[in-house]
Amino acid sequence: MNVWIRKQWTLLLGVLFVLSAFVTLFKYTVEQGWVTNAMKIGLGLLSGAGFAAAGFSLIKREKWPLVGELLIGLGACLLYTTAAFAGVYYEMWDSMTVLLGMTAVTAALTVYAYRFESRLLINIALTGGLLSPLLMRPETDQAFTLFLYMLVLNSAFFWLSTVKSWNELRLTSFIGSWIMYIVYFFTFDPVVEGVWNLPLRYALAAFLFYQIGFLLASRANKQSFDGMNMFAGLSNGVIFGFWSLLLIHGEVHYAYPLAFIGFVLLLASWFIHYHMKRMEPASATYGSAGVLLMLLALNQVGSGLAVKPIFNVFLWSAVAALLVLAGKRFRWQALNLASLIIWFTTVCYWYVITWFTPRGEWFGVFIPFLNWGAMAWLALAALGFYYSAREKFASLGDAGNRVMGNMYALCSHLIIGGLLTVQMIRLFQEHLYDLPSFYMQLSLSASWGVYALLLVLWGVNRGQSVFRWFGFSVLGLTAIKAIFFDLNGQESLYKVLVLLLLGGISFLIAWINGKWNKVRELGDQSWEQHGADTDNKKDNV
């Protein structure tokens, strides 16, 4: 395509200049009133047919074939200009007349170009067909006639570009049509009140036409869904998104057009995957863009409600879970990485926002750990523990995956700690608000002591020292808090009970740690004895 354009672009430019001169002459004679409109239409039809006949005659006699194609193309441009003048610029032809006339001219050009490989001719005709209504600024709103005009052009030239692999036709019609939409939107200044207004309908028709057209063209072109067709398809979605947001601003929430575009892109991704039977870059790109738009739209659900942060956590946790499952299913680790990023971002978001979010009671009464806020913590922790147990990246190796697994588990334990802390604070705020504040602080210390015990048990059970040391650290910080801060003020029996509980937890952790060290030493001795026995056997042999 690039080579052909470099060779022929000067010829196309010359035709553009000539066509611009004819259109300017048309408009000038209209302003001066030199000839009637009927005479202009007749002159345009006769001139167009005459140029086309002369060009066909030269080609038939095999004399100056290039000049013949130029003349036929110029004749087609004049016929398109006449149709635009009579049907769009002035309401002299009704829409059906324009449709029939355009269909006849376009069908003749398409058949001729298909049979004789006349690539230059069809490019001239397409350029002229797009340029004619652009150069004329209509005095009446003939949007439907223009829509039919563009539909005929795009249908024929899209089909020809597909069967002949003349990709410049497809790209030119796509760019030219959206430019046409922009020019005529500001020229006609149409009414945009209501959700289902006419400009939106025309934009929607163009969006769906090109989205389907690019997919079918890719399928016909040796199942090549990448490259220009993919980028044009994505650009088509961006352009329609801009116009839809502009046209229905104030009527409906912007989440609806985003969800619709995302749904269309997901269908495109499925279409590609269905025909290729494997994950392709084009399918992944369309799918990722569609999912992103759907999520952006879904993220707006509940806007303005106090419980919106809780909904966000459940939404993005579900997205992270679906991504990691899809990554396992299709063996595409980019999805696993995206899942981890979303999960970690959601954890940070929830740690910041949870203090200002409603509790999410189920029955109008706060029950610790049985509320939507607690379920949000648990959903995040469950994902983290799943990553720790199952998530592995081939590029990291065994040592790297082991370190990352510990990091996931540590984050999950921090989430559990946050859950305990928040639920304890909410319990006192909701049901025990009459008690002095130091009771809540002592309860937090007790819960953190239990939390430290759980961390040590986890480390022993998994054979990982990092969790034992993490539990020791939590226990040490809890001791500092309990002794130097919680004991200030009046004495109470509750303080004694908490301190005894923390002491008992400390003794229990020490006993568990001693048992773990003893087992580890025995294991090391057993391994050394096994190595010595092996050496002795080798010596005897």
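Reader: Why is Thr 354 called buried?

Author: Buried means under 20% relative accessible area, exposed means over 50%, and partly exposed is in between (1.4 Å probe, protein chains only). Thr 354 has 2% relative accessibility, so it counts as buried. This is a predicted model, in which local features need pLDDT of at least 70 and side-chain atom pairs count only at pLDDT 80 or more, while totals for chains, interfaces and linings use all residues. Residues are numbered from 1 along each chain as its sequence is written, and side-chain values use heavy atoms, with hydrogens and water left out.

Reader: Where is Thr 354 found, and which residues does Thr 354 touch?

Author: Thr 354 is in the loop between helix H13 (333–353) and helix H14 (372–390). A helix here is a DSSP run of H or I with at least four residues, a strand is a run of E with at least two, and both are numbered from the N terminus. Contact means heavy atoms within 4.5 Å. Not counting residues up to four places away in sequence, Thr 354 touches Trp 377, Val 422 and Arg 426.

Reader: What makes Ser 177 buried?

Author: Its relative accessible area is 12%, so Ser 177 is buried. Ser 177 belongs to helix H7. Leaving aside neighbours within four places in sequence, its contacts are Leu 130, Met 150, Asn 154 and Tyr 210. In the whole protein, buried residues make up 44% of the 541 residues.

Reader: What makes the phi of Glu 117 worth a remark?

Author: Most residues other than glycine have a negative phi. The phi of Glu 117 is near 55°, a positive value in a residue other than glycine. Glu 117 lies in the loop between helix H4 (95–116) and helix H5 (119–135).

Reader: Is Glu 117 buried, exposed or partly exposed, and why?

Author: Glu 117 counts as partly exposed because its relative accessibility is 46%. Ser 165 has a positive phi too, near 60°, and is placed in the loop between helix H6 (143–164) and helix H7 (167–188). Ser 165 has 36% relative accessibility and therefore counts as partly exposed.

Reader: Why are H9 and H10 called roughly antiparallel?

Author: Axes are lines fitted to C-alpha atoms, for helices over the stretch in contact, and angles run from 0 to 180 degrees between N-to-C directions. Angles under 35 degrees count as roughly parallel, over 145 as roughly antiparallel, 65 to 115 as roughly perpendicular, and the rest as oblique. The axes of helix H9 (residues 228–247) and helix H10 (residues 255–276) come within 10 Å and cross at roughly 160°. H9 and H10 are therefore roughly antiparallel to each other. Gly 237, Phe 240, Gly 241, Ser 244 and Leu 245 in H9 meet Pro 257, Phe 260 and Ile 261 in H10. By class, this contact of H9 with H10 has 5 nonpolar, 3 polar and no charged residues. The classes are nonpolar (Ala, Val, Leu, Ile, Met, Phe, Trp, Tyr, Cys and Pro), charged (Asp, Glu, Lys and Arg) and polar (the others, Gly among them).

Reader: How do you know that H9 is roughly parallel to H11?

Author: H9 and helix H11 (residues 281–298) pack at an angle of about 10°, with their axes 11 Å apart. That angle makes H9 roughly parallel to H11. Asn 229, Met 230, Gly 233 and Leu 234 in H9 meet Pro 281, Ala 282, Thr 285, Tyr 286 and Ala 289 in H11.

Reader: What makes H13 roughly parallel to H15?

Author: H13 and helix H15 (residues 397–430) pack at an angle of about 25°, with their axes 12 Å apart. This makes H13 roughly parallel to H15. Leu 340, Trp 343, Val 347 and Tyr 351 of H13 make the contact with Tyr 408, Cys 411, Ser 412, Leu 414, Ile 415 and Gly 418 of H15. The residues of this contact divide into 8 nonpolar, 2 polar and no charged.

Reader: How do you know that Cys 348 is too far from the closest cysteine sulfur for a bond?

Author: A disulfide is a covalent bond between the sulfur atoms of two cysteines. The cut-off is a pair of cysteine sulfur atoms within 2.5 Å. The sulfur of Cys 348 is 8.0 Å from the closest cysteine sulfur, in Cys 411, and so is too far for a bond. By this rule the count comes to 0 disulfides.
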